[in-house]
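The following briefing is intended for reading alongside the sequence and the model. It begins with charged pairs and then turns to strands, sheets and cores.

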Amino acid sequence: MKSRVFWIILCLIAVSWVLNSIYAHSKRLDEPIFLDHYVETFAQEYNQFTFYYLTNKNDRSSPTFVTIGDITGYVEQAQHIPTNFFDDFNTDHDVQTFTHHVLRRIDVTLPELNAIIQEETFSFKEMEVAFSDGRQILAPIGEVVVHAHYPDDDPLDSWTSSSSNTGKSQFTYKAEEALAIEDVMLHFEEILQEDLLIKMRSSNEKIRNEDITDAMDDYWGKLSGIDVREIEFPYELEKDETLILYTQIPPDFPALLEPLIALSGITESGRPFTHYTGFNSQPYLEQADVNRIIEQKKEEGLQ
């Protein structure tokens with residue numbers, strides 16, 4: 001009798017192990033999945049961009065370089081000393097770990113970019129990624145937009161900025177001369193839609209540091225200011241008047257966000273201008289986000 005029970009329990013354990021193995025295999029990715037990245041920036045001396053991707057927990061490969069059209073991007077490798085023969089992957093690039101997958105980040109430098117864009121705007125939505133195990137994949141990455149030069153003679157002088165882990169940011173500027181803002185534009189407006197909130201207000205009074213802190217901790221709906229979608233342009237500022245710009249994005253937004261908000265208008269002297277305000281939001285995923293992203297990629301035929 002005891003022998004029979006023993007074999008029944010052993011069989012149940014074996015069946016459970018097989019079922020768990022089948023389930024784990026069904027969750028295995030055929031190739032890494034890159035998250036969406038919505039980045040708008042200006043060319044700099046060193047053009048470095050951060051990208052995030054999902055891969056299997058036991059994936060010991062790492063990206064070595066990327067190709068974007070005729071441009072080669074080099075992946076920065078963090079310092080790492082292997083502890084044994086099989087320890088060949090730098091886990092410093094791991095950002096989050098999930099049941100079957102891990103979220104990793106890479107920093108890519110594009111040294112050839114400045115010579116190519118010159119006076120133009122360069123953008124890309126996918127890149128070829130080469131891995132240390134010989135694999136090469138074509139990865140959709142959202143969209144990265146790089147402008148050649150930042151506009152000169154910006155009449156809005158940056159004063160202070162602050163941000164919080166709740167997805168709120170605040171930027172304060174001073175008008176160096178009287179001006180009128182005629183439009184507020186966002187390159188990724190169609191994508192972000194209701195996720196990105198923007199408010200503006202002006203004041204002739206100095207903004208105290210404690211006011212900034214109090215505002216950042218307050219609920220978005222209680223922040224003074226007008227939603228930019230409800231502003232009747234032109235929005236006028238006197239010389240030395242301050243402009244306060246508030247932004248909010250859900251802190252769990254499952255993508256990398258580095259957009260630019262463009263304030264365009266004309267000064268009292270008749271000089272047109274465009275002022276750019278940038279902020280960033282790093283992706284933070286829950287298991288449900290990982291499941292949804294993988295399922296979406298499967299529907300798009302990328303897995």
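The structure, a predicted model, holds 9 salt bridges, a salt bridge being a side-chain nitrogen of Lys or Arg within 4 Å of a carboxyl oxygen of Asp or Glu. Local features need pLDDT of at least 70 and side-chain atom pairs count only at pLDDT 80 or more, whereas totals for chains, interfaces and linings use all residues. Residues are numbered from 1 along each chain as its sequence is written, and side-chain values use heavy atoms, with hydrogens and water left out.

**Salt bridges**

- Side chains of opposite charge can pair when their charged atoms come close.
- Aspartate 107 and arginine 105 form a salt bridge whose closest N and O atoms are 2.6 Å apart.
- Aspartate 107 counts as buried because its relative accessibility is 16%, and arginine 105 counts as partly exposed at 28%; buried means under 20% relative accessible area, exposed over 50%, and partly exposed in between (1.4 Å probe, protein chains only).
- Glutamate 194 forms a salt bridge with arginine 229, with 3.2 Å between the closest N and O atoms.
- Glutamate 194 lies in the loop between α3 (189-192) and β13, and arginine 229 in the loop between β14 and β15, so this pair ties together parts that are 35 residues apart in sequence.
- Glutamate 194 is exposed at 60% relative accessibility, while arginine 229 is partly exposed at 45%.
- Salt bridges that share partners join Asp59, Asp133 and Arg135 into one network.

**Overall composition**

- The chain contains 5 helices and 19 strands; helices (H or I, at least four residues) and strands (E, at least two) are DSSP runs, numbered from the N terminus.
- Of its 303 residues, 43% count as buried.
- The chain exposes about 17,300 Å², of which carbon and sulfur atoms supply 50%; accessible areas come from the Shrake-Rupley method with a 1.4 Å probe, and for residues only the protein chains shown count as cover.
- Among contacts with a separation of 6 or more, 74% involve residues 24 or more positions apart, where contact means heavy atoms within 4.5 Å.

**Strand β3 and its partners**

- Strand β3 (residues 48-56) has 8 of its 9 residues buried, so it is largely enclosed by the rest of the structure.
- Strand β1 (residues 33-34) runs antiparallel to β3 and is joined to it by 2 bridges; two strands pair if DSSP finds at least two bridges between them.
- Phenylalanine 34 has tyrosine 53 in β3 as its bridge partner.
- Strand β7 (residues 101-109) pairs with β3 in the antiparallel sense over 9 bridges, and there arginine 105 in β7 is the bridge partner of tyrosine 52.

**Nonpolar cores**

- The largest nonpolar core has 38 residues, of which Phe34, Phe51 and Leu54 touch the most other members; such a core is a set of buried Ala, Val, Leu, Ile, Met, Phe, Trp, Tyr and Cys residues joined through side-chain atoms within 4.5 Å.
- Apart from this core lies another, of 29 residues, among them Tyr173, Val184, Leu196 and Phe273.
- Beyond its neighbours within four places in sequence, leucine 54 contacts residues including Leu29, Phe98, Val102, Leu285 and Ile293.

**Strands β4, β8 and β9**

- Strand β4 (residues 63-68) pairs with strand β8 (residues 122-131) in the antiparallel sense over 4 bridges, and glutamate 128 in β8 is the bridge partner of threonine 67.
- Strand β9 (residues 136-147) runs antiparallel to β8, joined by 8 bridges, with glutamine 136 in β9 as the bridge partner of alanine 130.
- The hairpin of β8 and β9 has 4 residues between the strands, and glycine 134 in this hairpin takes a positive phi near 95°.

**Open sheets**

- Strands β12 (residues 179-186) and β18 (residues 260-267) pair over 7 bridges, with isoleucine 261 in β18 as the bridge partner of leucine 186.
- Another open sheet has 5 strands in the order β10-β11-β16-β13-β14, also with antiparallel pairing.
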